[in-house]
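Biologist: I am new to this structure and would like to go through it step by step. Could you show it to me before I begin asking?

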Amino acid sequence: MKTTKTKSFIGFLIPLGAVLLALAIGAVMLLSLGANPISGYATMFGAAFGSVEGFSETAVKSIPLLLVGVGICIAFRANVINIGGEGQMVMGALLSTSVALIFPSVPSLLLIPMVLLAGAIGGAFWGSIAGALKAYFNVSEILSTIMLNIVAVQFMNFLLRGVMIDPGELTRGTGIPQTMRLTENADLPILLEGMRMHLGVPIALFVAFGAYILLWRTAMGFRLRSVGYNPHASRYAGISVPRNVTAALAFRGAMAGIAGAILVFGSESHRMVTDGGSTGFTGSAGFNGIVVALLAGLHPLWSIPSALLFGGMLVGANALQRAAQVPSALIIALNGLIVVFVVSSEYFKQRSLQVGRVALSDDESTETQGKNNE
Amino acid sequence: MSDSFAVMIVVATIASGIRLATPFLLASLGEALGQRSGVLNLGVDGVMLLGAFSAYYTVLQTNNLYYGLLVGIVVGLASGIFYGFITLNLQAEQGVSGIGIYLFGLGMSDLLFQKFVGTPRPILPFMPLDIPVLSGLPIVGEMLFQHSIIVYIAFGLVPLMSFVLYRTTYGLNIRAIGENPEAADSLGVSVMATRYSAIIVGNGLAGLAGAALAIELGIFQQNLTNAMGFIAIALVYFGAWSPKGVMIGSLVFGMVQSIVLQCKTFGVIPRSASDLAAMAPAIITILALVIVAKRFKQPSALTKPYVRGG
């Protein structure tokens with residue numbers, strides 16, 4: 001029992017060290033940009049966590065990261081490494097926005113669940129395309145999700161410049177590719193008066209708990225994990241690998257799709273807007289969610305603090321830009337470094353676990369051993 | 001009269017298709033080399049962005065396009081060393097660490113651009129380099145032999161890389177390591193050194209691709225590549241890991257883009273549908289992947305780290 005604790009402690013400590021290393025490099029970058037790194041980070045984390053307003057902003061920014069991250073936890077556990085979050089968010093948002101445009105007068109109590117469900121369906125549909133391509137045509141899900149991201153973004157541009165555009169944009173002739181102000185019935189209710197915190201935050205937390213239960217308390221979750229751990233043994237045990245791979249991608253898509261819907265209905269403008277690329281709408285959450293999940297050790301509940309950390313960095317980046325004129329793109333670069341370092345830190349984690357493996361007797365030690373022997 | 005006009009348009013479309021194919025070709029040749037050795041690099045787009053910015057900035061400072069290309073390559077090579085360390089020494093999951101490189105390149109190039117350039121200033125692209133005699137040929141001359149030097153370099157690399165891959169010991173080593181590193185290792189081929197070299201050269205080509213793009217467009221902006229690097233990765237699968245196949249894929253891609261552009265300028269397709277047309281390459285790639293996945297086999301050791309005695 002004690003060794004298990006030590007082990008999970010190491011499992012937590014090493015990725016954290018990787019994040020700190022990335023932040024240290026960020027400090028050097030700040031220094032070379034002519035900003036004081038200590039006051040820079042103080043500004044960042046102060047803005048993100050130092051006040052109720054700031055934390056409320058951070059929580060809102062964390063929603064898409066958490067949802068995408070939880071989806072990644074499920075997919076990666078089923079050993080479906082995919083990067084389709086961006087496209088799935090876009091498709092979820094498009095379907096949910098369509099629902100709000102078609103049924104503007106449905107009361108909130110019904111419309112909000114409807115748009116969230118539409119988001120989940122849109123994302124799940126987009127994710128399951130990649131799943132089916134993988135399962136039945138053996139197309140690498142990494143590649144198909146890249147392509148589906150591109151298709152989704154162009155589809156969004158097409159719709160927002162065409163049928164879904166705000167009629168006002170056409171009469172004014174400005175032609176900004178965005179929808180009209182969506183029905184107030186679909187607005188996610190603000191939870192704290194005068195702040196940004198809205199219903200999306202508890203929804204995301206609820207989904208994270210749901211994913212935890214799915215993965216470890218249901219037969220479905222067991223099948224997903226077992227397919228990820230050993231597809232051959234699973235097949236032998238009568239578990240359908242193609243079906244579970246598709247299911248994993250559909251779950252992952254559904255969560256990204258909900259994230260897309262929340263981005264629209266929890267936004268300040270209550271519109272869906274495109275800048276022509278993917279990052280304009282998603283803010284790269286489809287990619288950054290991967291970092292969240294990796295740092296959390298692919299655990300849905302650990303994803304919560306992990307998402308808050310990255311959400312806080314996004315909020316802090318804007319504060320830093322205002323205070324020290326450091327472009328907020330710094331944070332995207334830093335997130336990239338964190339991904340690289342956290343993934344690389346797996347090597348040290350495996351090694352440190354291997355050193356102590358003789359002393360361990362629980363099943364997870366054989367798991368690490370098995371991985372190293374591959 | 002209308003006939004010669006039609007010919008002119010066709011010639012212009014094909015010529016611009018070749019030009020548009022060039023950055024894809026450079027990047028996907030580099031990616032193909034890495035994948036042949038068994039290493040997947042999803043960070044191409046990020047490396048392209050870094051190469052593009054550094055080339056653009058160098059040209060702004062020195063007014064010398066060749067320095068720009070050179071710096072783009074050097075930045076790519078440096079990224080290659082970094083990626084090699086992560087994936088070979090630390091055996092990081094390649095499907096994910098590449099995304100980290102992509103995000104890093106995306107953020108870093110934008111950061112440097114905002115900090116050191118701010119407002120976009122155009123740079124002059126390469127003048128077309130007319131090949132003597134050949135460029136004077138009717139139709140074919142204008143299509144094939146009146147391009148900038150980068151185009152000739154990129155297409156010249158195709159036979160060169162085919163030769164290296166299929167006719168030299170080094171190429172044999174790369175292919176062997178991509179298929180069966182244990183066997184290659186037992187014959188005394190250094191898996192580590194060979195993979196390092198393939199990744200470094202491959203990333204150098206990605207850096208060159210970014211530099212070529214920035215110089216061709218004469219500008220840099222945030223996310224200049226707009227996922228071109230990801231398409232370059234798909235083209236490697238499209239081209240079934242052979243330099244010739246990759247070239248054909250890049251040309252198809254360039255031509256589709258060029259035709260879409262021409263259709264837009266002549267109003268053949270309405271503006272609103274141009275977004276749909278922009279999906280065409282991605283959809284074609286998915287269909288190609290479905291076909292390729294059945295007929296061609298990827299390098300067996302792709303994405304698998306090699307551990308001696310493992």
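Biologist: In what order do the elements of chain B run from the N terminus on?
Modeller: Please keep in mind that this is a predicted model. The secondary structure of chain B comes to 12 helices and two strands. Read from the N terminus on, these elements follow the order α-α-α-α-β-α-β-α-α-α-α-α-α-α.

Biologist: How does the radius of gyration of chain B compare with what the globule rule gives for 310 residues?
Modeller: The C-alpha atoms of chain B fill a box of roughly 70 × 45 × 40 Å along the principal axes, and 50% of the 310 residues count as buried. For 310 residues the globule rule gives 19 Å, and chain B comes close to that value, so it is as compact as a globular protein of that length, with a radius of gyration of 20 Å.

Biologist: Which helix supplies the largest share of the side of chain A that touches chain B?
Modeller: In the contact between the chains, 42 residues of chain A meet 42 residues of chain B. On the side of chain A, at least two residues each come from α5 (108-137), α6 (141-161), α13 (285-295) and α15 (329-355). The residues of this side divide into 28 nonpolar, 11 polar and three charged. The largest share, 14 residues, is supplied by α15(A).

Biologist: Within chain A, which helix gives the most to the side of domain 1 that touches domain 2?
Modeller: Chain A is divided into domain 1 (1-35 + 331-374) and domain 2 (56-324), and 11 residues of domain 1 of chain A are in contact with 12 residues of domain 2 of chain A. On the domain 1 side, α1 (2-32) and α15 of chain A each supply at least two residues, and by class this side has nine nonpolar, two polar and no charged residues. The helix that gives the most, with seven residues, is α15(A).

Biologist: How are α4(A) and α13(A) oriented to each other?
Modeller: In α4(A), A:Gly85, A:Glu86 and A:Met89 meet A:Ala285, A:Gly286, A:Phe287 and A:Gly289 of α13(A), and the residues of this contact divide into three nonpolar, three polar and one charged. The axes of α4 (residues 85-102) of chain A and α13(A) come within 7 Å and cross at roughly 125 degrees. Angles of 65 to 115 degrees would count as roughly perpendicular and those over 145 as roughly antiparallel, and the two helices are therefore oblique.

How values were computed
Residues numbered from 1 in each chain as written. Chains lettered and ligands numbered in written order. Predicted model: local features only at pLDDT ≥ 70, side-chain atom pairs only at ≥ 80, totals over all residues. Contact = placed C-beta atoms within 7 Å. Helix = DSSP H or I, 4+ residues; strand = E, 2+ residues; numbered from the N terminus. Nonpolar A, V, L, I, M, F, W, Y, C, P; charged D, E, K, R; others polar. Axes fitted to C-alpha atoms, helices over the stretch in contact; angles between N-to-C directions. Parallel < 35°, antiparallel > 145°, perpendicular 65-115°, else oblique. Rg over C-alpha atoms; globule rule 2.2 N^0.38 Å. Buried ≥ 20, exposed ≤ 12 C-beta atoms within 10 Å, placed from the backbone. Domains from an automatic or database assignment.
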